[in-house]
Amino acid sequence: MKGEVDEDDGTFTNISLADDSADGQPTVLRFRPEDQDNTMNCEIDGEMENQVEQEDKRRLINQVLELQHTLEDLSARVDAVKEENLKLKSENQVLGQYIENLMSASSVFQTTDTKSKRK
């Protein structure tokens, strides 16, 4: 297959070994510079869209990971607060029992029934 480029109008003449055309004339393919620009623009636009999509995916993945870490931190904090709460409840019960024992041992806090003693 042999081809020639006509530098004046930017056309490419394709000469086929087999004469396929009805009129026997060589087929002329024309590549206009604006067609190449459109093709290149489409490719660039596609690449840019792909890059934007990839960046969006990366950003979303980073946000998800950050939220997962935050959730893990909050969950650990909740567990620590629950543990501290149980500890404080236990201490409260011990202190409450201690205060009751002191009150029952002290005469100041003894219930006095003065009416029954006077009668």
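# Salt bridges, patches and exposure

Reader: Why are Asp 56 and Arg 59 separated by about one helical turn?

Author: Asp 56 and Arg 59 are so separated because they are three residues apart in helix α1. Helices here are DSSP runs of H or I with at least four residues, strands are runs of E with at least two, and both are numbered from the N terminus. The model is predicted: local features need pLDDT of at least 70, side-chain atom pairs count only at pLDDT 80 or more, and totals for chains, interfaces and linings use all residues. Residues are numbered from 1 along each chain as its sequence is written, and side-chain values use heavy atoms, with hydrogens and water left out.

Reader: What makes the contact between Asp 56 and Arg 59 a salt bridge?

Author: The term requires a side-chain nitrogen of Lys or Arg within 4 Å of a carboxyl oxygen of Asp or Glu. The closest N and O atoms of Asp 56 and Arg 59 are 3.5 Å apart, so the pair meets the definition.

Reader: How many salt bridges does the structure hold, and which residue pairs with Arg 58?

Author: The structure holds two salt bridges. Arg 58 pairs with Glu 55, the closest N and O atoms being 2.8 Å apart. Both residues lie in helix α1, three residues apart, about one turn of the helix.

Reader: Why does Arg 58 count as partly exposed?

Author: Buried means under 20% relative accessible area, exposed over 50%, and partly exposed in between, with a 1.4 Å probe and protein chains only. Arg 58 has 47% relative accessibility and therefore counts as partly exposed. Glu 55, at 44%, is partly exposed, as are Asp 56 at 32% and Arg 59 at 42%.

Reader: How do you know whether Glu 83 is buried or exposed?

Author: Glu 83 has a relative accessible area of 61% and is therefore exposed. Glu 83 lies in helix α1, which covers residues 33–105.

Reader: What makes the group that contains Glu 83 a patch?

Author: Patch residues have over 30% relative accessible area and no salt bridge; like charges are joined within 9 Å, and nonpolar side chains (Val, Leu, Ile, Met, Phe, Trp, Tyr) within 5 Å. Asp 79, Glu 83, Glu 84 and Glu 91 gather on the surface in such a patch, of negative charge.

Reader: Which residues form the nonpolar patch, and is Val 108 buried or exposed?

Author: The nonpolar patch consists of Tyr 98, Ile 99, Leu 102, Met 103, Val 108 and Phe 109, with about 630 Å² of accessible area together. Val 108 is found in the loop between α1 and α2 (114–118); its relative accessible area is 66%, so Val 108 is exposed.

Reader: What is the secondary structure of residues 57–91, and which UniProt annotation covers them?

Author: The span is 100% helix and 0% strand, and its end C-alpha atoms lie 51 Å apart. The unreviewed UniProt entry annotates these residues as "coiled-coil region"; such annotations may be inferred rather than shown by experiment.

Reader: What pattern does the protein follow along the sequence?

Author: The pattern is β-β-β-α-α, with two helices and three strands. Buried residues make up 2% of the 119 residues.

Key: Areas by Shrake-Rupley, 256 points an atom, 1.4 Å probe, with all protein chains shown as cover. Lys, Arg positive; Asp, Glu negative; His and termini not counted. Charge placed at Lys NZ, Arg CZ, Asp CG, Glu CD.
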